[in-house]
Amino acid sequence: MKFQHAIASAISLAVARAWAAPTDTLTIDTPSRLALFQCGLINITWHGGQGPYTLSVLLAGSASETPYDVYSNLRASPYTWNTNVQDGNNATLSVKDNTGALAYTSSIFVNGQDNMSCLKN
Ligand SMILES: *[C@@H]1O[C@H](CO)[C@@H](O)[C@H](O)[C@H]1NC(C)=O
Ligand SMILES: *[C@@H]1O[C@H](CO)[C@@H](O)[C@H](O)[C@H]1NC(C)=O
Ligand SMILES: *[C@@H]1O[C@H](CO)[C@@H](O)[C@H](O)[C@H]1NC(C)=O
């Protein structure tokens with residue numbers, strides 16, 4: 001009885017380890033050229049990695065810059081982003097997972113729309 005219990009615990013521990021293990025390599029999808037509008041909502045999607053995740057908006061597209069905006073503690077993809085970047089700008093989004101892995105989109109262009117309500121001053 002005791003022995004069986006030990007086996008059962010060993011199995012559940014192994015299963016728990018398998019579940020906790022990081023899954024695939026972290027990647028993030030680049031939204032299509034016509035999907036992004038100033039103050040428009042868009043689902044940013046990523047895959048793999050291990051949560052929680054942090055999403056950053058980079059305007060110069062450089063890893064060393066101070067992000068324009070940061071959304072942290074995201075449990076899972078997607079994140080519905082209110083595109084608070086002014087039209088005509090190019091941005092890059094990065095996602096970082098709980099292990100520190102990083103993935104970047106290609107440069108994305110923000111299209112015009114007559115709505116400035118979400119822009120930062
Ligand atoms: C402008 O964008 C905001 C979100 O950023 C939205 O709540 C609002 O409905 C939009 N206004 C118009 C007129 O589309
Ligand atoms: C984002 O995805 C959710 C489902 O995960 C959906 O309900 C929502 O309508 C989507 N929003 C946009 C802006 O596509
Ligand atoms: C954004 O990129 C486009 C080309 O893809 C370029 O024409 C435009 O000048 C860029 N905008 C800024 C603000 O750098």
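Modeller: By class, the shell around ligand 2 has three nonpolar residues, two polar and no charged. This is a predicted model: local features need pLDDT of at least 70, side-chain atom pairs count only at pLDDT 80 or more, and totals for chains, interfaces and linings use all residues. Residues are numbered from 1 along each chain as its sequence is written, while chains are lettered from A and ligands numbered from 1 in the order in which they are written.

Biologist: Which residues surround ligand 2?

Modeller: A residue is near a molecule if its C-beta atom, placed from the backbone, lies within 6 Å of it. Here they are L41, I42, N43, P78 and T80. Ala, Val, Leu, Ile, Met, Phe, Trp, Tyr, Cys and Pro count as nonpolar; Asp, Glu, Lys and Arg as charged; the others, Gly among them, as polar.

Biologist: Which residues are around ligand 3?

Modeller: G88, N89, N90 and F109. That shell divides into one nonpolar, three polar and no charged.

Biologist: Why does T105 count as partly exposed?

Modeller: A residue is buried with 20 or more other C-beta atoms within 10 Å of its own, exposed with 12 or fewer, and partly exposed in between; C-beta atoms are placed from the backbone. T105 has 19 such neighbours, so it counts as partly exposed. T105 and L93 lie 12 residues apart in sequence, but 5.5 Å apart in space, C-alpha to C-alpha.

Biologist: Which residues form the largest nonpolar core?

Modeller: A core is a set of buried Ala, Val, Leu, Ile, Met, Phe, Trp, Tyr and Cys residues joined through C-beta atoms within 7 Å. The largest has eight: L26, I28, I44, W46, Y53, L55, L93 and V95.
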